[in-house]
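Visitor: I would like to learn how to read charged side chains in a model. Where do we start?

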Amino acid sequence: MRVAAFIERDGLLNRFRMQHDLPVAPIQLEEFRVQPEAVPLVRSLQDAGYLVIATTNQPGLTSGELSRRELDLMHEILLKKLNLDDIMVCPHDEADRCPCRKPKPGLLIEAGFKWHVDLDRSVVISDKWQDAEAARIAGCTSILIDSPWNGPGHHDFQVSSFKAAVAKALSLMNTSGVLLR
Ligand SMILES: [Zn+2]
């Protein structure tokens with residue numbers, strides 16, 4: 001079985017804008033910007049044996065604010081620039097009560113089946129509590145990056161930057177002592 005690093009998309013892999021003190025995902029292709037610092041970080045995770053899979057809640061698909069075509073074009077760019085293994089999307093909003101909208105663990109579990117991932121040995125990297133909670137339920141290790149959206153819930157590790165989160169993930173891989181490829 002493989003091991004995965006699941007990474008929250010907005011804010012870590014691409015930029016977002018702030019609206020009423022909340023991060024807002026890009027709606028138009030023109031405002032979609034990949035975070036350049038993510039390129040070497042994703043590569044170092046893959047070099048260590050991690051599958052790197054982005055996860056994202058995109059309720060704009062349900063509300064109609066975001067078109068599927070626009071999102072597909074953004075994700076083509078993201079896959080190409082970061083060489084990600086996959087991007088898992090929840091298109092629902094809160095009212096849909098789906099099993100995949102984070103903090104629910106559905107995206108992690110679905111990726112686990114699709115990629116034959118050992119969730120117990122996989123990590124979730126995010127600056128938001130919803131990802132740490134999804135990780136807890138799915139049995140992954142959560143690495144939370146300092147932000148205004150950390151929340152009071154459970155997380156396994158807390159670090160100050162995306163770079164430090166990747167360093168932590170690499171150290172976990174080394175201590176697990178398992179040959180992955
Ligand atoms: Zn969903």
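Visitor: By about how many helical turns are D72 and R68 separated in helix α3?

Guide: This is a predicted model. D72 and R68 are four residues apart in helix α3, residues 68-82, so about one helical turn separates them. Their side chains meet in a salt bridge, with 3.5 Å from N to O.

Visitor: Is D72 buried or exposed, or partly exposed?

Guide: Buried means under 20% relative accessible area and exposed means over 50%, with partly exposed in between. D72 has 36% relative accessibility, so D72 is partly exposed. R68, at 44%, is partly exposed as well.

Visitor: Which residue forms a salt bridge with K114?

Guide: The partner of K114 is D86, and their closest N and O atoms are 2.8 Å apart. This pair links distant parts of the chain: K114 is in helix α4 (residues 106-115) and D86 in strand β5 (residues 86-90), 28 residues apart. D86 has a relative accessible area of 10%, so D86 counts as buried.

Visitor: Which residues are linked in a network of salt bridges?

Guide: The network links E8, K102, D127, K128 and D131. E8 lies in strand β1 and, at 6% relative accessibility, counts as buried. The E8 side chain has a polar contact of 2.8 Å with that of K102, and another of 2.8 Å with that of K128. K128 also forms a salt bridge with D127, at 3.0 Å between the closest N and O atoms; both of these residues are buried.

Visitor: How many salt bridges does the count come to?

Guide: The count is eleven.

Terms used. Residues numbered from 1 in each chain as written. Predicted model: local features only at pLDDT ≥ 70, side-chain atom pairs only at ≥ 80, totals over all residues. Heavy atoms only, no water. Helix = DSSP H or I, 4+ residues; strand = E, 2+ residues; numbered from the N terminus. Buried < 20%, exposed > 50% of the residue type's maximum accessible area, 1.4 Å probe, protein only. Polar contact = N/O pair within 3.5 Å; in protein donor to acceptor, adjacent residues only side chain to side chain. Salt bridge = Lys/Arg side-chain N within 4 Å of Asp/Glu carboxyl O.
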